[in-house]
Amino acid sequence: VGISAPPTFMFGRELSLSQQAAWFQRGLECLRDCPAHRRWVSLEPLSFDVSKILAETDCPLDWAVIGAASAGGKTFQPDVEHLCRAQDALHCPVFYKGNLCSELALRAFSLQAAIAPLRWDSWRGEFPEL
């Protein structure tokens with residue numbers, strides 16, 4: 001069972017940052033309480049810093065997917081600091097979608113000394129054990 005991080009726009013209306021955060025936190029709480037064999041999150045879009053919510057909500061995760069948000073012909077890349085902080089807050093295998101641009105990966109790599117480093121040895125390929 002999994003949940004997605006809420007987008008910035010939904011049903012033609014913009015969600016505030018506090019609405020997005022409340023939605024994501026409530027989703028993690030429901031996921032935590034769900035009797036599931038596997039729990040996972042999709043951080044697509046990763047449109048805000050979810051690291052504090054991930055750290056404060058005691059929800060054991062088995063997998064996470066991180067990617068850019070796709071909307072028709074446009075793709076919206078996550079903020080590099082949000083990407084690094086999310087990676088640091090997740091204690092599970094992470095699959096990075098192919099829609100993350102290589103420039104973002106390079107910028108994240110250059111910030112690794114200031115922010116927790118991404119696990120570059122497993123970029124885009126981690127899956128939970130069966």
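**Figure 1. The R32–D33 salt bridge.** At 52% relative accessibility, D33 counts as exposed in this predicted model. Its salt-bridge partner is R32, with 3.1 Å between the closest N and O atoms. R32 is partly exposed, its relative accessible area being 31%. In total, 5 salt bridges are counted in the structure.

**Figure 2. The salt bridge between R85 and D49.** The side chains of R85 and D49 meet at a distance of 3.8 Å, N to O. This pair links distant parts of the chain: R85 belongs to helix α3, D49 belongs to the loop between β4 (40–43) and α2 (51–56), and 36 residues separate them. R85 is partly exposed at 32% relative accessible area. For D49, which is also partly exposed, the relative accessible area is 30%. Side chains of opposite charge can pair when their charged atoms come close.

Figure 3. R85 and E81 are 4 residues apart in helix α3, so about one helical turn separates them. E81 counts as partly exposed, with 34% relative accessibility. Salt bridges that share partners join D49, E81 and R85 into one network.

Figure 4. S51 lies in helix α2. Is S51 buried or exposed? With a relative accessible area of 14%, S51 is buried, because the cut-off for burial is under 20%. A polar contact of 2.7 Å joins the side chain of S51 to that of D49. When residues up to four places away in sequence are not counted, S51 touches R85, A86 and A89.

Figure 5. Helix α3 spans residues 80–89 and is mostly covered, as 7 of its 10 residues are buried. Which residues of α3 are buried? They are V80, H82, L83, C84, A86, Q87 and A89. At the start of the helix, a side-chain oxygen of D79 reaches to within 2.9 Å of the backbone nitrogen of E81.

Figure 6. Around L43, leaving aside neighbours within four places in sequence, the contacts are A5, F24, V50, V65, I66, G67, A86 and L90. A86 is among the buried residues of α3, and is also touched by S51.

Figure 7. How many disulfides does the structure hold? The number is 0. C30 is in no disulfide; the nearest cysteine sulfur belongs to C34, at 8.9 Å. C59 is likewise in no disulfide, and the nearest cysteine sulfur, again that of C34, is 9.5 Å away. C30 is partly exposed, with a relative accessible area of 38%, whereas C59 is buried at 11%.

**Figure 8. The protein chain as the setting for the close-up views.** The protein chain contains 4 helices and 8 strands. From the N terminus on, these elements follow the order β-β-β-α-β-α-β-β-β-α-β-α. Of the 130 residues in the chain, 40% are buried. Among contacts between residues at least 6 apart in sequence, 71% join residues at least 24 apart. The chain exposes about 7500 Å², of which carbon and sulfur atoms supply 55%.

Key:
Residues are numbered from 1 along each chain as its sequence is written. This is a predicted model: local features need pLDDT of at least 70, side-chain atom pairs count only at pLDDT 80 or more; totals for chains, interfaces and linings use all residues. Side-chain values use heavy atoms; hydrogens and water are left out. A disulfide is a pair of cysteine sulfur atoms within 2.5 Å. Buried means under 20% relative accessible area, exposed over 50%, partly exposed in between (1.4 Å probe, protein chains only). Helices (H or I, at least four residues) and strands (E, at least two) are DSSP runs, numbered from the N terminus. A polar contact is a pair of N or O atoms within 3.5 Å; within protein, one must be able to donate a hydrogen and the other to accept it, and residues adjacent in sequence count only if both atoms are side-chain atoms. Contact means heavy atoms within 4.5 Å. Accessible areas come from the Shrake-Rupley method with a 1.4 Å probe; for residues, only the protein chains shown count as cover. A salt bridge is a side-chain nitrogen of Lys or Arg within 4 Å of a carboxyl oxygen of Asp or Glu.
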